[in-house]
Amino acid sequence: MKRSITDYFSISSVKAQKRECPGPSTSKVILNEMQIEDEDKERHGTEEDVTLLSDVEIDEGDEEDDWESEDEVDVSEPTLPAPLPSTTFKAPGPADISQLVSDGPRQLHLKFFKKTKFGDRFRQFKDEWYNCWQWLEYSALTESAFCFCCRHFSVRSDDNTVFVNVGFKYWKRALEKDAGFKRHEASLEHKSNLVKWISFKQLQQSKSSNVSVASLVDEAHLALVKENRTYTGIIVDILLYTTSQGIAQRGYRENETSVNRGNFLELLNLLSKYNDLVKKKISGEENIKTAKYTSPKIQSEIFQILHKMILKQISSEVERTLCFAAMCDEAKDISKVEQMSVVIRYYLEF
């Protein structure tokens, strides 16, 4: 009896399966299943080949169509980039409020603003809000409020910004701390745009008065440097006073709720009652974030600077004398750490 090639493969695979799972019943079943699969492949093999060839021909036709469509897109003219905004760029928002930066905020004054019902009460925009927020604008077309500086100086491209495009009209929460005008005023985006608006107004004033912007910046910078130097000198004097008197600098609790915050902070608070500069720095008036120089780390750094200045002055004076004497003594403190004291005596003629 002649055997085909598939019979050899089927017999070898059956032998391998017999080694793994021995048993006469299982080997016969596996052999019959493999023979059936081989016969099915011989019957339907030509049909599968025909279908595969037809699929390939269809796919190649689709690819040719795709390549032709892509060539047509590439031949088309390229799109030009969007033009940069000019000085006469109109800000987003309705047409009855400011359109140019030079117009300034258009604050509509009406005797009666349209009321909107919130729950059981009617609420409306109030004219007195202009005094609290100079950047505020009101549109009668949309019956909502807008921010002047954010509309003209914001660089965001979001079309759903409330105070820029949409308008704020939820009067019920207009004056709440975490919503409405106060929340928008405290945002970083608004603060940045407000600084730009102030700089723009200063630039316009300098052009009208023939004063350069550089001179204005220099004058403001010099005034700030002078103010900071005066305040730093007061801090150093307080530290020198507490050191020369031999009293502790810090307190047990230095938070704002503490009754006694330590000698250094209490002296600083005492001077703030009679010095407007110290009061401005430690209380943070006008929402200005300034360095207070009151932390323990800053105090230690100031003492190190004073230490180097004193050593430099003593060494320069000793170099100019004809003779000097030095005495050294060493002792252990309560923590058994050796501490050396050095005393230098010299005569200096002025």
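## Close-up views of a predicted model

**Figure 1. Cysteine 150 is found in helix H4.** This is a predicted model, in which local features need pLDDT of at least 70, side-chain atom pairs count only at pLDDT 80 or more, and totals for chains, interfaces and linings use all residues. Residues are numbered from 1 along each chain as its sequence is written, and side-chain values use heavy atoms, with hydrogens and water left out. Helices (H or I, at least four residues) and strands (E, at least two) are DSSP runs, numbered from the N terminus. Cysteine 150 has a relative accessible area of 4%, so it counts as buried. Buried means under 20% relative accessible area, exposed means over 50%, and partly exposed lies in between (1.4 Å probe, protein chains only). Leaving out residues up to four places away in sequence, cysteine 150 touches Val164, His184, His190 and Asn193. Contact here means heavy atoms within 4.5 Å. The C-alpha atoms of cysteine 150 and leucine 194 are separated by 7.6 Å. Along the chain, these two residues are 44 residues apart.

**Figure 2. The largest nonpolar core has 22 residues.** A nonpolar core is a set of buried Ala, Val, Leu, Ile, Met, Phe, Trp, Tyr and Cys residues joined through side-chain atoms within 4.5 Å. Phe125, Trp129, Trp135, Leu136, Cys149, Trp171 and Phe181 have the most contacts inside this core. Helix H3 (129-132), strand S3 (136-139), strand S4 (144-147), helix H4 (148-153) and helix H5 (162-166) each give two or more residues to it. H4 supplies the largest share, four residues. In soluble globular proteins, nonpolar side chains tend to be buried together.

**Figure 3. Tryptophan 129 and its contacts.** Which residues does tryptophan 129 contact, leaving aside its neighbours within four places in sequence? They are Gln124, Leu136, Trp171, Ala174, Leu175 and Phe181.

**Figure 4. Ring pairs link aromatic residues into a cluster.** Rings of Phe, Tyr and Trp (its six-membered ring) pair if their centres lie within 6.5 Å; planes under 30 degrees apart count as stacked, over 60 as edge-to-face and the rest as tilted. By this rule the count comes to 19 aromatic pairs. The rings of tyrosine 138 and tryptophan 171 have centres 6.4 Å apart and planes at 40°, so this pair is tilted. Tyrosine 138 lies in strand S3, and tryptophan 171 in the loop between H5 and helix H6 (180-186), so the pair ties together parts that are 33 residues apart in sequence. Tyrosine 138 is buried at 4% relative accessibility. Tryptophan 171 is buried too, with a relative accessible area of 6%. The cluster includes Phe113, Trp133, Phe163 and Phe168.

**Figure 5. Serine 144 sits in strand S4.** Is serine 144 buried or exposed? At 0% relative accessibility, serine 144 counts as buried. Its side chain makes a polar contact with the side chain of threonine 142 (2.7 Å). A polar contact is a pair of N or O atoms within 3.5 Å; within protein, one must be able to donate a hydrogen and the other to accept it, and residues adjacent in sequence count only if both atoms are side-chain atoms. Leaving aside neighbours within four places in sequence, serine 144 is in contact with several residues, including Glu137, Tyr138, Val166, Phe168 and Trp171.

**Figure 6. Glutamate 143 and lysine 336 each have a positive phi.** Most residues other than glycine have a negative phi, and most peptide bonds are trans. Glutamate 143 has a phi of about 55° although it is not a glycine. Glutamate 143 lies in the loop between S3 and S4. At 27% relative accessibility, glutamate 143 counts as partly exposed. Lysine 336, also not a glycine, has a phi of about 60°. Its place is in the loop between strand S5 (324-332) and strand S6 (338-346). At 69% relative accessibility, lysine 336 counts as exposed.

**Figure 7. Threonine 242 is found in helix H8 (residues 213-244).** Threonine 242 counts as buried, at 0% relative accessibility. Leaving aside its neighbours within four places in sequence, threonine 242 is in contact with Ile247, Gln249, Asn263 and Leu267.
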